[in-house]
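Subject: Structure handover

Hello,

Here is the structure for you to look through. My notes follow below it.

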Amino acid sequence: MNIVNPTKADIEADVAIVGAGLVGGTLACALAGHGVRTAVIDRLDPAATVKTSFDGRASAISASSQTLLAAIGLWPHLAPSTGPIREIRVSDGDSPFFLHYDHAELGPTPLGFMAENRHYRAAVAGAMGTVRDRLTVVSGRTVQGMTNGPDDISLSLDDGRQVRARLAVAAEGRDSKLRELAGIGVTGWSYAQTAIVATVGHERSHDGIAHERFLPAGPFAILPLPDEDGVHRSSLVWTERADAAQGYLALDDARFLAEIGERVGGFLGPLRLIGPRFSHPLGLQFAARYSKGRLVLAGDAAHGIHPIAGQGLNLGLRDVAALTEIITDARDLGLDLAHPEGLSRYERWRRADNLVMAGVTDVLNRLFSNDIAPIRLARDLGLAAVNRIAPLKRTFMRHAMGTVGDLPRLMRAPK
Ligand SMILES: Cc1cc2nc3c(=O)[nH]c(=O)nc-3n(C[C@H](O)[C@H](O)[C@H](O)COP(=O)(O)OP(=O)(O)OC[C@H]3O[C@@H](n4cnc5c(N)ncnc54)[C@H](O)[C@@H]3O)c2cc1C
């Protein structure tokens, strides 16, 4: 679908979002769906982002994120290409201790859903098509300048156009240009790890079970994808030391697959590679503040975390739900969409939650990505203990499903 704004005229909107990735694209659908005049700008052609060669990742979408996507009308576009996560099995290398989450212990709702990022991008484009009268989509353009004024915020595009709005959202991921233009700093560090991502086909069904196996170089995740063309498939996220990852990535297909086979084990039957392999350097990154004047940050532009718990996008979707609530409440009360109380509420609300998850994932990665015997023993006892203490286990499951804490309205399950 080509929904690039065809005119060269300047653009007026209530909210301008820069970055139409998973977070910015979802926010655009949510705001336009709530009647907010929205403009969204991305440097990429959307047709390129739905190809298998663009992003081989699949995302674990938590139950509360699915509630949001259903509430804003995006889920019907995505659901046919998702698969449920019914169980999660966590193990530590070859240790006999493990942790097993089964959704049936809480009820009928799956723990979450797996969606390939390319399908998510296509679903965003589909949902955007339904709110076109309130949404301007600008593709293949970047923002070069920003004037953050008392009455509006103005963004200059690289084709000379201006986008004027009451509020601008930086959703361009970790290397946010708007964040830089606003002079908002980031803190963080590299994990000296690389995530190798690949999709495999296999003979036996995964039965909707996600496996996370902790190995000394980092977690190895085998995530259940829906079958395609009659082939059972899983998405692999193989975390390696950054210096070793390049060697694995350079292997020919047969040797690369043999390395994968050693880590997966035999429970899925013979494996084969589907599509290209990808790599992502891993690091933690946190913005010093979430808003400045009429600019607000969302998604990875505000917080980039380790994928060990599959929560980066889910945090970004919580930002989306919180921002949509704050912006539409301001609109309904006749307030400025960038009124300072609203933006500081957003910052207090989302920053605390995001910081806790960044901390938890950081500690988990440090605790599990090593082979030091006393630490190994302590963590194995921890896994076994959580597995046996049912109330504690249910609490952890609810956290994985994203159904605890101060949830925005759009993420609360309908009664
Ligand atoms: C290996 C791996 C596995 C993961 N698995 C999961 C998971 O299972 N579950 C989960 O919740 N999270 C997961 N994550 C995290 C998740 O992928 C990210 O949190 C999420 O993609 C962030 O989305 P975003 O829209 O904020 O940023 P991005 O996905 O980075 O999108 C940014 C968009 O902005 C555009 N852009 C950038 N700069 C500009 C510019 N200057 N002008 C215009 N446009 C611009 C880009 O083209 C892009 O479309 C994983 C991450 C990794 C690395």
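Which residues of α3 are buried? They are Ala63, Ser64, Ser65, Gln66, Thr67, Leu68 and Leu69. A residue is buried if 20 or more other C-beta atoms lie within 10 Å of its own, exposed if 12 or fewer, and partly exposed in between; the C-beta atoms are placed from the backbone.

Some ground rules. This is a predicted model: local features need pLDDT of at least 70, side-chain atom pairs count only at pLDDT 80 or more, and totals for chains, interfaces and linings use all residues. Residues are numbered from 1 along each chain as its sequence is written. Helices (H or I, at least four residues) and strands (E, at least two) are DSSP runs, numbered from the N terminus.

Helix α3

Helix α3 covers residues 63-71. Seven of its nine residues are buried, so the rest of the structure largely encloses α3. The cover over those buried residues includes β4 (58-62), α4 (75-78), β8 (112-116), α9 (312-332) and α12 (390-401). Gly73 follows α3, and its phi is positive, near 80 degrees.

Two strands pair if DSSP finds at least two bridges between them. Strands β2 (residues 15-18) and β3 (residues 38-42) run parallel, joined by four bridges. Ala16 has Ala39 in β3 as its bridge partner.

Contact here means that the C-beta atoms of two residues, placed from the backbone, lie within 7 Å.

The four-stranded sheet

Another open sheet has four strands, ordered β1-β12-β11-β10, with mixed pairing. Why do β1 and β10 each have one side left without a neighbour in the sheet? Because β1 (11-12) and β10 (143-148) stand at the edges, each with a single partner strand. Inside the sheet, β11 (residues 153-157) and β12 (residues 162-165) run antiparallel, with four bridges between them. Ser156 has Gln162 in β12 as its bridge partner.

Around β15

Strand β15 (residues 209-215) is mostly covered, with five of its seven residues buried. It pairs with β6 (residues 87-92) in the parallel sense, over six bridges. With β16 (residues 218-228), β15 pairs in the antiparallel sense, over five bridges. β15 and β16 form a hairpin, with two residues between them. Follow Glu212 in β15: it is the bridge partner of Val90. Glu212 also has Ala221 in β16 as a bridge partner.

Two aspartates are worth a look. Asp207 lies in the loop between β14 and β15. Its phi is positive, about 55 degrees, although Asp207 is not a glycine. Asp207 is exposed, with 9 other C-beta atoms within 10 Å. Asp229 is in the loop between β16 and β17 (231-241). Its phi is also positive, near 50 degrees. With 7 C-beta neighbours inside 10 Å, Asp229 counts as exposed.

The ligand shell

How many residues surround the ligand? There are 33, and the closest are Gly19, Gly21, Gly173, Gly299 and Gly312. Helix α9 gives the most, with four. The shell divides into 14 nonpolar, 13 polar and six charged residues. Ala, Val, Leu, Ile, Met, Phe, Trp, Tyr, Cys and Pro count as nonpolar, Asp, Glu, Lys and Arg as charged, and the others, Gly among them, as polar.

Pro281

Pro281 lies in strand β18 (residues 271-287). It counts as exposed, with 12 C-beta neighbours inside 10 Å. Not counting residues up to four places away in sequence, Pro281 touches Ser190, Thr194 and Ala242.

Best wishes

Definitions and conventions: Near = placed C-beta within 6 Å.
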